[in-house]
Amino acid sequence: MALALAACLVVTIYALFATFAPKTGPLDEAAAGVPEASASAGSAAPLASGATPAPAGSAVPAVSGSAAASKAPSKAPSTAASKAPAAPDKTTLAENKVIDLINVERGKAGCGKLRNDARLQKAARAYSTRMAKENFFSHTSPDGGTFVQRIEAAGYPHGGASAENIAYGYADAQAVVDGWMNSEGHRKNILNCSYKAVGVGLAYNSKNTPYWTQDFGFI
């Protein structure tokens, strides 16, 4: 099974861009923050940018409420139990497992846990699905879209997108996290203590090859 992994670090502004192609090994795209060797024909061309400070957070607004007294109902309310929520499917369980594993690694490095953000997860799942369906592997979509644009389109706050890791061919959560942790650029994204949230997306192509996307946010 082909193995590949990739990462890209782009913050509020786009600074430096770089591409590289390893002489051997899996297809790799990583955000390194400094220019690297240009990619050879047939290899993926990664984006790279330098980090900028995370935007200042805003306080969560307080919510309050009051309950007004009302007359007793003429009929007793129904006591029928509501249905229990459906259990997560295997894909969601795998995505959540990735987050659990990277939070363990962040803890070892002294970083706080990343929050599983539904908007980042939505962007990540959609992009993995697109890569698998359209048979490409890059941080830039065929129509030129960037991960920042995808994340913001999913409803994440403007300026909050921070980085992206992608990979394909890794059978499960442990395998893909091991792959990312063994790659300098991807590991830097995972262990960046300024990131606050993450979303992971998994999808399969027609040959059942898994495609993984991991989107990070400052907020």
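This is a short tour of the structure, one selection at a time. The model is a predicted one.

**Stop 1: the whole chain**

Show everything as a cartoon. The protein has five helices and six strands. Trace the elements from the N terminus, and they run β-β-α-β-α-α-β-α-α-β-β. The accessible surface comes to about 12000 Å². Carbon and sulfur atoms account for 57% of that area. Of the 219 residues, 42% count as buried. Contacts also reach across the sequence: among those between residues at least 6 apart, 68% join residues at least 24 apart.

**Stop 2: strand E5**

Select residues 197-204, which form strand E5. Is this strand enclosed or open? Seven of its eight residues are buried, so the rest of the structure largely encloses E5.

Pick asparagine 116, and then find its bridge partner in E5, valine 198.

**Stop 3: the hairpin**

How do E5 and E6 pair? Click on glycine 201: its bridge partner in E6 is threonine 213. Together E5 and E6 form a hairpin, with five residues between the two strands. Stop at asparagine 208 in the turn, where phi is positive, at about 70°.

**Stop 4: the nonpolar core**

Now look at side chains. The largest nonpolar core has 22 residues. Select Val98, Ile102, Val176, Val177, Trp180, Trp212 and Phe216, the members that touch the most other members. Which elements each supply at least two residues of this core? They are helix H1 (90-108), strand E4 (161-168), helix H4 (173-181), E5 and E6.

Zoom in on valine 177. Leaving aside neighbours within four places in sequence, valine 177 is in contact with Val98, Leu101 and Ile102.

**Stop 5: asparagine 135**

Finish in a loop. Asparagine 135 lies between helix H2 (118-134) and helix H3 (147-153). Is asparagine 135 buried or exposed? Its relative accessible area is 62%, and exposed means over 50%, so asparagine 135 is exposed. Show what is around this residue. Not counting residues up to four places away in sequence, asparagine 135 touches Arg130 and Tyr211.

Last, draw a distance from asparagine 135 to asparagine 205. These two are 70 residues apart in sequence. In space, they are 7.9 Å apart, C-alpha to C-alpha.

Technical notes
Residues are numbered from 1 along each chain as its sequence is written. This is a predicted model: local features need pLDDT of at least 70, side-chain atom pairs count only at pLDDT 80 or more; totals for chains, interfaces and linings use all residues. Side-chain values use heavy atoms; hydrogens and water are left out. Buried means under 20% relative accessible area, exposed over 50%, partly exposed in between (1.4 Å probe, protein chains only). Helices (H or I, at least four residues) and strands (E, at least two) are DSSP runs, numbered from the N terminus. Two strands pair if DSSP finds at least two bridges between them. Contact means heavy atoms within 4.5 Å. Accessible areas come from the Shrake-Rupley method with a 1.4 Å probe; for residues, only the protein chains shown count as cover. A nonpolar core is a set of buried Ala, Val, Leu, Ile, Met, Phe, Trp, Tyr and Cys residues joined through side-chain atoms within 4.5 Å.
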